[in-house]
Amino acid sequence: MQVAKGSSPNTQVSEAGRLSLCTKVCYGFGGIPNQVASSATAFYLQLFLLDVAQIPAAQVSLVLFGGKVSGAVADPVAGFFITRSRRTGSGRLMPWVLGCMPFLSLAYFFLWFLPPFPSLRGLWYTAFYCLFQGLATFFQVPYTALTMLLTRSPQERDSATAYRMTMEMAGTLMGASVHGLIVSSAHSSNHCELPGPAAVSPDATRLYSLAAGVVALTYPVCISLLFLGVKEQPDPADLASGQGLGFLAGLGLTARHPPYVKLVVSFLFISAAVQVEQSYLVLFCTHAAQLRDHVQGLVLTILVSAVLSTPLWEWVLQRFGKRTSALGICVMVPFAVLLAGVPTAPVAYVVAFVSGVSIAVSLLLPWSMLPDVVDDFQLQHRHGPGLETIFYTSYVFFTKLSGACALGISALSLEFAGYKVGACRQAAEVVVTLKVLISAVPTCLVLVGLCILMVRPTPRLPGQDSAHQQSLRRKSSLSLASNSRGLL
């Protein structure tokens with residue numbers, strides 16, 4: 001038996017294919033950095049760009065759109081190159097994780113750095129956000145695919161995936177809480193009493209750089225634990241599976257499958273609604289609701305509510321079915337409208353809690369429905385297991401693309417409304433725009449997505465004889481989808 005570098009025999013897989021507790025924990029640590037960074041950027045990047053970097057809202061729109069598009073494009077590109085890479089002494093997937101780690105850490109740090117040339121800051125943040133999103137994808141794809149090369153035991157793979165999901169949820173909470181605690185004093189309400197137009201404290205740049213450094217440090221620490229505690233096992237069957245049908249050819253086949261098309265289209269609207277709600281909550285509380293002192297508490301309420309309600313939604317999915325569970329997404333609609341009309345602290349915390357519950361089911365549901373669509377496709381077409389990965393990869397690609405469009409257009413609307421960077425108080429038009437962005441826009445997107453989802457063709461489920469084999473294939477594909485169950 002091969003021994004992993006820097007690890008004891010107790011951390012290795014036994015002859016029966018059983019993974020040790022240390023191996024599972026170390027594998028889970030690898031999922032923390034990306035979730036920490038993604039959580040921090042989802043809630044605070046737009047506020048930083050507008051009120052600290054003080055770049056125009058039109059340029060912020062370009063930053064957000066460019067970054068999301070680069071992450072979307074990187075998904076199929078990463079899958080293409082990684083499946084064709086050769087095995088090295090460290091394995092086939094681990095070198096990608098190790099190679100991306102230092103550049104990803106630096107890209108994240110410089111994303112929050114304030115360059116000394118104000119006229120080129122828009123270009124600076126666009127470049128580093130695109131670089132960060134692309135590298136994060138090239139990091140996440142091989143890391144999630146590593147599940148298949150830890151052991152050949154399906155039960156142990158499921159167990160390792162559970163550890164990864166738990167660690168990623170912890171990373172999501174850690175990212176928003178740690179980053180928010182560090183930078184909270186930069187946006188407290190008493191800073192608007194200072195002379196001048198700036199609504200941030202004089203040391204805001206230092207606070208954001210400190211928060212970026214803390215988050216960036218999680219990459220080398222966690223990936224070192226991953227490398228020392230996990231050994232990638234050779235698996236010729238898995239290595240050969242990625243050499244089948246090309247991505248574009250497979251995408252053409254999946255795009256002609258009606259249940260998949262309507263599922264993707266419906267969640268394009270729903271995922272866009274969730275991303276708009278997350279991105280503009282902090283700005284709304286800061287400039288439209290006078291709740292800037294409650295931003296940290298509201299963000300944590302959303303995340304804790306989403307994490308704690310996930311097991312409940314898993315039970316609801318099994319007990320009442322997936323279509324019935326989809327109605328849970330629209331629970332956030334009346335509460336979001338209520339917050340826009342009554343922007344008080346008690347209402348905001350209730351809305352944050354309910355939004356977290358709805359966000360949890362909106363993230364859980366597509367990854368529960370996609371396997372049924374894949375099974376239905378396999379029963380009808382019999383193209384082999386290679387296409388399952390294309391289903392998941394293309395879904396991630398299109399949802400990221402929809403988020404890029406939604407965030408880019410919504411940020412551009414602030415420019416048209418007359419948003420003044422660094423101002424303590426915004427014009428009435430900006431306040432109205434922020435209210436629309438956290439209420440009317442998500443409401444319309446959610447309702448359109450649910451209408452499409454409710455009328456979609458119901459896929460035929462496989463019989464009991466093939467259920468086990470289909471289940472194994474879907475879990476293999478799910479492990480290859482980047483950020484498949486992350487909150488952000």
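Are Asp 75 and Lys 400 buried or exposed? Both are buried, where buried means under 20% relative accessible area, exposed over 50%, and partly exposed in between (1.4 Å probe, protein chains only).

## About the model

This is a predicted model, in which local features need pLDDT of at least 70, side-chain atom pairs count only at pLDDT 80 or more, and totals for chains, interfaces and linings use all residues. Residues are numbered from 1 along each chain as its sequence is written, and side-chain values use heavy atoms, leaving out hydrogens and water.

## Two salt bridges

The model has 2 salt bridges, each a side-chain nitrogen of Lys or Arg within 4 Å of a carboxyl oxygen of Asp or Glu. One joins Asp 75 and Lys 400 at 2.9 Å, N to O. It links distant parts of the chain, with Asp 75 in helix 3 (residues 57–83) and Lys 400 in helix 15 (residues 386–417), 325 residues apart. Helices here are DSSP runs (H or I, at least four residues), numbered from the N terminus.

Glu 168 and Arg 164 form a salt bridge too, at 3.3 Å, N to O. They lie 4 residues apart in helix 6 (residues 154–183), so about one helical turn separates them. Glu 168 counts as buried because its relative accessibility is 3%, and Arg 164 is buried at 2%.

## A bend in helix 11

Helix 11 bends by about 40° at Thr 310, with Pro 311 following within four residues. The bend is the angle between axes fitted to the seven residues ending at a residue and the seven starting there. Just after this helix, Gly 321 has a positive phi of about 95°.

How values were computed:
Helices (H or I, at least four residues) and strands (E, at least two) are DSSP runs, numbered from the N terminus.
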